[in-house]
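Colleague: Please give me a close look at one part of this model, and then follow the chain from there. Keep the terms plain, and give the cut-offs as you go.

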Amino acid sequence: MTQEMKTERLRLRPVRMKDVEAIHATLQDIEIARWLSRVPYPYGRADAEWFAGEVEAGRIPAYAVIDAEGFAGVIAIDPTLGYWFARDRWGRGYATEAGRALLAMHFATTSAEAVEAGYYDDNAGSGRVLAKLGFERVGPQMLPSMVLGHDVPGQRTRLTRARWEALVAAERRAAA
């Protein structure tokens with residue numbers, strides 16, 4: 001996972017040890033951590049060091065999302081699509097923009113026939129991001145929450161390769 005990606009406003013590059021401070025500081029915000037299934041809270045510096053080390057070792061394919069102001073968040077397909085952004089970056093469309101870039105690379109470089117993602121029922125913003133990316137609801141499911149210490153009602157979604165390719169082709173036709 002050495003490939004960097006650029007979008008109109010963002011650069012996606014593999015998470016590095018130099019991101020530990022930013023990751024640690026950002027995930028101290030309970031309003032971010034509460035929406036993430038696999039993130040403990042409080043999120044310690046050792047947690048951030050472990051995460052960055054796993055990415056550098058090639059065991060977690062996570063990308064730091066960098067905007068004009070610096071570190072903005074993280075996005076990954078491992079094997080489900082997941083992402084989080086610093087609260088001051090919310091509402092800028094970064095999750096959709098970064099998600100499109102990562103999905104394009106994923107479908108271009110793997111033989112995967114689909115990507116799944118999930119979101120908590122109370123996280124309507126994440127549901128909207130996934131819908132914009134082309135994910136379709138598969139059905140309800142209970143999703144783990146390390147922050148709350150129990151499973152939480154949520155939705156499972158899926159984006160098939162065929163749907164992704166059809167959406168990309170439609171965007172190209174509309175732009176022509």
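Modeller: Helices (H or I, at least four residues) and strands (E, at least two) are DSSP runs, numbered from the N terminus. This is a predicted model, in which local features need pLDDT of at least 70 and side-chain atom pairs count only at pLDDT 80 or more, while totals for chains, interfaces and linings use all residues. Residues are numbered from 1 along each chain as its sequence is written, and side-chain values use heavy atoms, with hydrogens and water left out.

Start with R13, which sits in strand β2 (residues 11-14). R13 counts as buried because its relative accessibility is 3%; buried means under 20% relative accessible area, exposed over 50%, and partly exposed in between (1.4 Å probe, protein chains only). The R13 side chain makes a polar contact with the side chain of D19, at 2.8 Å. A polar contact is a pair of N or O atoms within 3.5 Å; within protein, one must be able to donate a hydrogen and the other to accept it, and residues adjacent in sequence count only if both atoms are side-chain atoms. Neighbours within four places in sequence aside, R13 is in contact (heavy atoms within 4.5 Å) with E4, K18, D19, A62, Y63, A64 and I66.

A nonpolar core is a set of buried Ala, Val, Leu, Ile, Met, Phe, Trp, Tyr and Cys residues joined through side-chain atoms within 4.5 Å. In the largest one, of 28 residues, I75, L81, L103 and F135 touch the most other members. Helix α4 gives this core its largest share, eight residues. Apart from it lies another core, of 20 residues, with A64 among them.

L81 belongs to the largest core. Residues up to four places away in sequence aside, L81 touches I75, A76, L102, V115, E116, A117, L130, L133 and F135. In β5, L81 stands opposite I77. Strands β4 and β5 pair in the antiparallel sense over five bridges; two strands pair if DSSP finds at least two bridges between them. A hairpin of three residues joins β4 to β5. Four of the five residues of β5 are buried, so β5 is largely enclosed by the rest of the structure.

V115, which L81 touches, stands opposite L159 in β8. β6 and β8 (residues 152-160) pair over seven bridges, in the antiparallel sense. They are part of an open, antiparallel sheet of three strands in the order β6-β8-β7. Its edge strands are β6 (114-120) and β7 (136-143), each of which pairs on one side only.

Helix α5 (residues 124-132) lies across β6 and β8, running at about 160 degrees to β6; axes are lines fitted to C-alpha atoms, for helices over the stretch in contact, and angles run from 0 to 180 degrees between N-to-C directions. In α5, S126, G127, V129 and L130 are buried. Seen down the helix axis, the buried residues of α5 fall within an arc of 160 degrees, so they line one face; the arc is that of the directions from the axis to the C-beta atoms. Their cover includes β5, α4, β6 and β8. The face of α5 turned away from its buried side carries the exposed residues R128 and K132. After α5 comes G134, whose phi is positive, near 105 degrees.
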